[in-house]
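Visitor: Please show me the model, and then let us discuss its details.

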Amino acid sequence: MAHDTLDRLILDHIARSDPEVASIVAAEAERQEHTIELIASENHASPAVMLAAGTCMTNKYAEGYPGRRYYGGCEHHDKVEQLARDRAKELFGCKFANVQPHSGAQANTAVFMSIMQPGDTFLSLVLKDGGHLSHGMNLNFSGIFYKPVHYPLHYDKDHPEHEQIDYDAVRQVALETKPKAILCGYSAYPRVIDFARFRQIADEVGAVLMADIAHIAGLVAAGVHPSPFPHAHVVTTTTHKSLRGPRGGLIMTNEEELNKLINRNVFPGVQGGPLMHIITAKAVAFGEALRPEFQAYQQQVVKNARALAAALQKHGYRITSGGTDNHLMLVDLTAKSDDLTGKDAEKWLEGAGIITNKNGIPDDPRPPMITSGLRLGTPATTTRGFTEPEMERIGAWIDRVLSAGLKGESELAAESDKVRSEIRALCERFPLPHATLETA
Ligand SMILES: *Cc1c(COP(=O)(O)O)cnc(C)c1O
């Protein structure tokens, strides 16, 4: 790493007062720099976003909302929070935005409190089929204080179209269970979501429609995936996944009364003081997402996902639902070998410098800590500049590592060494945004 990069300057500064922490962060910077990041929920935020999160805005208590704070001295914090809200509204085409949720799960908690009473029934996709743990997992607040019911995802290897949301089945379960709220938006779903169809079903049973676009927010902002507005009554998202901002959450709606409830349930309902440095970085990220380059970026994210899925299919892997419309795909490893598990694949690939996560496939016979699948996404690799030819190479690397792993430990060790050095060479040609920023 060159000595005049911003990254180096910051680390040198931290090292002067805390070499122990600085060396950990430096090792992480090195890991990110020289590995291929295929975790679908991760990205590399821009230098401006990262630096904004590192400013003096962290020093302030700003409980309340712009113009109505519980602390003095909030003039500049009011301005930046208002700017973040305005940019979010412009980006997603809605009337109200709350930029204070510390995370996606916190955003969902505040919305649940706004649209349901404890004990009420809501309808969602179960975690193992691609839903999120805040959509009704038994150990999560959503499963502890509310009553989740689920719509199914069909599993049929011979008819991959059945691994998609079955809207007739959603309607059927909604009619039977009469939920207060219907949730759509997922953590591991590779196809377009039909928000208009969900709204029809919600209207038919008198439910509130909540769209959680945590994964696809960047695609939605760029018009690469249809918008949940005007269909959803309320929309939640994270800001750090495809949207490429700082780690955080965001809630949006067009409904004035609902917006009042949401504001009250974020603060003081769920949270105390807002993370003003993160809200500052959200403003920067939303500003970036409003630029034309962001649209081109998201278009490439989708092209790259298609190219990676096609490459893996060519090497004998099955992509659930037959492909992808968005930034991610689920790889069914059993098509390659019945002995191949998600757990082994994740570990073997990490050893070669490819970072992924194991994930259940629809109707997975293996438990969640083992699984038969991998979830792969392209937001991070697209940020570093990879296009279709690099996706082809990644597909080939994945196959080389997994095929070697199936043969045995020594084969795996030898192949991983080769692949790791090839990946290192490629990564050096595509440096991360923050590692190349000159200070001069
Ligand atoms: C990632 C995710 C969340 C939660 O985000 P955190 O910031 O980790 O709390 C919520 N919903 C969905 C669908 C997600 O994928």
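The questions below concern helix packing, cysteines and aromatic pairs.

Guide: This is a predicted model, in which local features need pLDDT of at least 70 and side-chain atom pairs pLDDT 80 or more, while totals for chains, interfaces and linings use all residues. Residues are numbered from 1 along each chain as its sequence is written, and side-chain values use heavy atoms, without hydrogens and water.

Visitor: How are α2 and α16 oriented to each other, roughly parallel or roughly perpendicular?

Guide: Helix α2 (residues 19-34) packs against helix α16 (residues 409-429) with axes 8 Å apart and an angle of about 95°. Angles of 65 to 115 degrees count as roughly perpendicular. Therefore α2 and α16 are roughly perpendicular.

Visitor: Is C74 buried or exposed?

Guide: The structure holds 0 disulfides, a disulfide being a pair of cysteine sulfur atoms within 2.5 Å. For C74, the nearest cysteine sulfur, that of C56, is 13 Å away. Buried means under 20% relative accessible area (1.4 Å probe, protein chains only). At 6% relative accessibility, C74 is therefore buried.

Visitor: What kind of aromatic pair do F112 and Y146 form?

Guide: Rings of Phe, Tyr and Trp (its six-membered ring) pair if their centres lie within 6.5 Å, and planes over 60 degrees apart count as edge-to-face. The ring centres of F112 and Y146 are 5.3 Å apart and their planes are at 85°, so the pair is edge-to-face.

Visitor: Which residues form one aromatic cluster with F112 and Y146?

Guide: Both F112 and Y146 are buried. The cluster that contains F112 and Y146 also includes F122 and F141.

Note on methods
Axes are lines fitted to C-alpha atoms, for helices over the stretch in contact, and angles run from 0 to 180 degrees between N-to-C directions. Helices (H or I, at least four residues) and strands (E, at least two) are DSSP runs, numbered from the N terminus. Angles under 35 degrees count as roughly parallel, over 145 as roughly antiparallel, 65 to 115 as roughly perpendicular and the rest as oblique. Buried means under 20% relative accessible area, exposed over 50%, partly exposed in between (1.4 Å probe, protein chains only). Rings of Phe, Tyr and Trp (its six-membered ring) pair if their centres lie within 6.5 Å; planes under 30 degrees apart count as stacked, over 60 as edge-to-face and the rest as tilted.
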